[in-house]
Amino acid sequence: MGADLIGFVGLPFSASQRSSALSASDFIKGHKNGLMTRSSPLIFKGRPSLRFPYSSPPAAVLETSKHGKAKFDSELNNEYIKVPTERIRNISIIAHIDHGKSTLADRLLEITGTVSARDMKEQFMDSNEIERDRGITIKLNAARMNYTNPEDGLNYVIHLIDTPGHVDFTFEVSRSLEACEGALLVVDASQGVEAQTLANVYLALDANLELIPVLNKIDLPGAEPERVSREIEEVVGLDTSNAIRASAKAGVGISDILSGIIHYIPPPAGNTASPLRALIFDSYYDPYRGVIVYFRIVDGSLRKGEKIKFMVTGKDFIAEEIGVMTPDQQPVDVLGSGEIGYLIAGVKTVEDARVGDTITTSTKGAEEPLPGYQEAKPMLFAGLFPLDSDQYHQLKDSLEKLKLNDAALQFEVENSAAMGFGFRCGFLGLLHMEVVQERLEREYGLDIITTAPSVVYSVKPVKGEEFFLDNPADLPDATKREYISEPYCRLEIITPEEYVGTLMELAQSRRGEYKDMRYLVQGRTTLVYDLPLAELVNDFFDHLKSRTKGYASMEYTVTGYRQNDLVRLDVAINGENVDALSGIVHREKAYSVGKALVTKLKEIVPRAQFKIPIQAKIGAKIVASQQISALKKDVTAKCYGGDISRKKKLIQKQAAGKKRMKAIGKVSVPQEAFKAMLSINSDP
């Protein structure tokens with residue numbers, strides 16, 4: 001084992017100092033015994049290989065700053081280098097939330113010299129402010145890294161695609177994985193396999209990717225790499241006898257990961273002589289340059305100035321600029337088979353450059369596009385209304401700007417009697433909805449109210465063909481429809497075994513159908529349920545986390561539609577239906593939901609000079625009701641004695657006025673009332 005773990009920060013190293021260095025096993029033992037911490041002043045120069053039959057010094061030296069954060073002292077090495085196809089590696093990183101995916105990407109960029117120490121920052125590839133605040137990846141990013149393999153001295157090119165892991169963006173992840181030949185499966189050595197890890201592993205296996213397991217955070221006191229290795233073997237089915245043990249934050253094992261990428265990830269298998277076929281795996285809108293397309297060339301080559309065609313949309317463009325991401329955009333003249341790059345061609349909207357589309361040349365191009373293209377379909381709809389009606393046009397402009405960057409976002413004008421003019425928006429899922437809402441508030445300074453999200457139902461009318469419905473207020477009356485179908489999903493929950501009972505109770509209270517229960521390893525269990533998507537979208541995840549103290553994780557996939565006994569639950573305030581509070585619920589839950597809703601509204605709607613009835617009803621049948629008592633004024637206070645008829649006359653006059661006021665008076669429904677729909681399942 002030739003590589004060493006050496007020295008103290010800031011000192012030059014002689015051969016004698018190097019000979020007295022710590023080994024990686026000593027480093028791990030030191031952490032276990034509390035002799036060293038993550039902020040210990042160590043410099044790592046390589047480490048004994050845990051996976052491969054060789055070890056050699058890496059291209060850079062990793063040192064730990066006084067704040068305990070690792071940094072690499074390496075020369076900048078991000079120039080475009082043309083290498084043969086067999087020395088190209090295209091990889092992605094698969095990980096659950098907070099398992100160290102972005103930190104590992106940072107270390108890879110540092111040790112290869114792709115980003116200088118001056119420009120380096122945490123979560124370098126997460127460019128969005130919301131991504132940094134939440135610690136998640138929402139928008140995928142790509143970088144090209146140059147790496148000199150110390151074993152053979154040859155230059156290699158590694159294309160790294162940092163993908164989002166959330167279920168809302170499954171299609172984008174699947175397309176980005178199609179652009180790779182391998183992936184790093186990063187698992188937290190202290191937590192083990194989580195639901196999101198499994199979901200992305202299945203996507204990677206569907207794309208026939210070579211997986212390299214990486215046990216991250218081995219320097220934590222609670223790390224159990226042996227247990228997690230067994231878990232990966234039993235749950236995922238991967239051989240982990242040579243899994244790489246690493247700590248992205250401390251810089252341990254990074255050279256082994258790079259060696260593993262070179263040795264175990266196959267090179268691209270394209271044909272440069274064939275007609276051009278390039279896969280679009282991402283695109284975004286730049287206000288000065290138009291749409292910038294990220295693509296992977298599968299066959300052929302692409303030259304600057306060439307006339308190209310997007311095969312799904314049928315649009316023709318000229319490749320005004322092509323280049324690579326290092327991670328800054330670096331223009332080049334030609335890109336060949338297996339390479340990943342960007343394209344600027346005067347495209348005006350991301351709808352013309354859809355994820356999954358195929359790029360070919362306009363003349364003598366490919367006959368068949370690459371397989372797997374799908375249009376993004378919204379799974380969730382909600383109404384967005386400005387808090388101040390004067391901001392309506394600003395909200396419209398803001399949504400149009402967001403749509404330039406987000407082809408999955410859909411919206412149309414909606415008019416509500418209670419809330420005025422707004423927009424009915426379609427989203428990929430709950431996280432997508434939260435991100436759009438947060439961007440509208442942060443980037444455009446809007447104050448908006450979001451109605452309760454609803455799923456897309458399928459309705460079969462008595463006359464006519466079946467159609468999809470996303471707004472409950474538009475549901476035909478019961479006499480005019482045959483049935484309603486709702487989307488179902490397959491829900492997988494991975495949880496410590498002590499929480500199985502409470503989670504089964506939660507799933508069954510949400511109309512879940514028990515399918516399977518598997519014991520993964522000692523102490524961890526997987527629950528599988530079929531569940532209506534409508535029961536999942538409100539607060540299921542919040543209850544899951546609160547019932548398990550944050551230890552459980554979940555993943556779901558939409559499986560199809562089923563007919564159910566569904567009804568529209570309307571809410572009437574002072575005799576007038578409030579369409580924004582309408583919802584589609586199961587008939588068995590209509591009473592409990594209606595009662596909870598009217599009780600909540602009674603606390604929110606302000607009192608008036610007359611009684612205000614609040615009713616939840618199915619058609620003409622009232623299932624729950626509450627009444628807000630009127631504000632009272634003692635009109636007989638001025639009467640000091642005298643005949644009783646005088647007092648009765650004043651009271652009757654007041655009653656007549658209240659009756660007239662109730663007939664013509666308007667009840668102002670506060671914005672908080674529309675949030676009540678979000679919390680009606682707070683006690684499942």
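Which residue in S19 is the bridge partner of Tyr294? I looked it up, and the partner is Tyr342.

**Ground rules.** I am reading a predicted model, in which local features need pLDDT of at least 70, side-chain atom pairs count only at pLDDT 80 or more, and totals for chains, interfaces and linings use all residues. Residues are numbered from 1 along each chain as its sequence is written, and side-chain values use heavy atoms, with hydrogens and water left out.

**Confidence.** I checked pLDDT, the predictor's confidence in each residue, from 0 to 100. The protein chain has a mean of 78, and 79% of its residues reach 70 or more. Strand S2 (residues 43-45) has the lowest confidence, at a mean of 32. S14 has the highest, at 93. Strands here are DSSP runs of E, at least two residues; helices are runs of H or I, at least four; both are numbered from the N terminus. Over residues 1-74 pLDDT stays under 50. The model has 148 contacts for that stretch beyond four places in sequence, a contact being heavy atoms within 4.5 Å.

**The sheet.** I traced 8 strands in an open sheet, in the order S15-S14-S20-S11-S12-S19-S16-S17, with antiparallel pairing. Two strands count as paired if DSSP finds at least two bridges between them. S15 (316-318) and S17 (329-332) are the edge strands; each has a single partner strand, so one side of each lacks a neighbour in the sheet. From one strand to the next the twist averages 40 degrees. Angles run from 0 to 180 degrees between N-to-C directions, on axes fitted to C-alpha atoms.

**Around S12.** I then followed S12 to its partners. S11 and S12 make a hairpin with 3 residues between them. 9 antiparallel bridges join the two. Ser283 has Val293 of S12 as its bridge partner. 5 bridges join S12 to S19, again antiparallel. I also checked burial, which means under 20% relative accessible area (1.4 Å probe, protein chains only). In S12, 9 of its 10 residues are buried.

**S14 and S20.** Strand S14 (residues 307-310) runs antiparallel to strand S20 (residues 358-361), with 3 bridges. Ile308 stands opposite Thr361 in S20.

**Cores.** Which residues have the most contacts inside the largest nonpolar core? They are Ile232 and Val236, in a core of 42 residues. A nonpolar core is a set of buried Ala, Val, Leu, Ile, Met, Phe, Trp, Tyr and Cys residues joined through side-chain atoms within 4.5 Å. H6 gives the most, with 5 residues. Domain 1 (85-264) and domain 2 (277-361) both contribute, so this core lies between them. The domain bounds come from an automatic or database assignment. Val236 touches Val193, Leu198, Val201 and Glu231, leaving out residues up to four places away in sequence. A second, separate core has 28 residues, among them Ile111, Tyr147, Ile257 and Ile262.

**Gly100.** Is Gly100 buried or exposed? Gly100 is buried, at a relative accessible area of 12%. I found Gly100 in the loop between strand S5 (88-95) and helix H3 (101-111). Beyond its neighbours within four places in sequence, Gly100 is in contact with Asn216, Lys217 and Ala248. Gly100 and Ala248 are 148 residues apart along the chain, and their C-alpha atoms are separated by 7.0 Å.

Key: Buried < 20%, exposed > 50% of the residue type's maximum accessible area, 1.4 Å probe, protein only.
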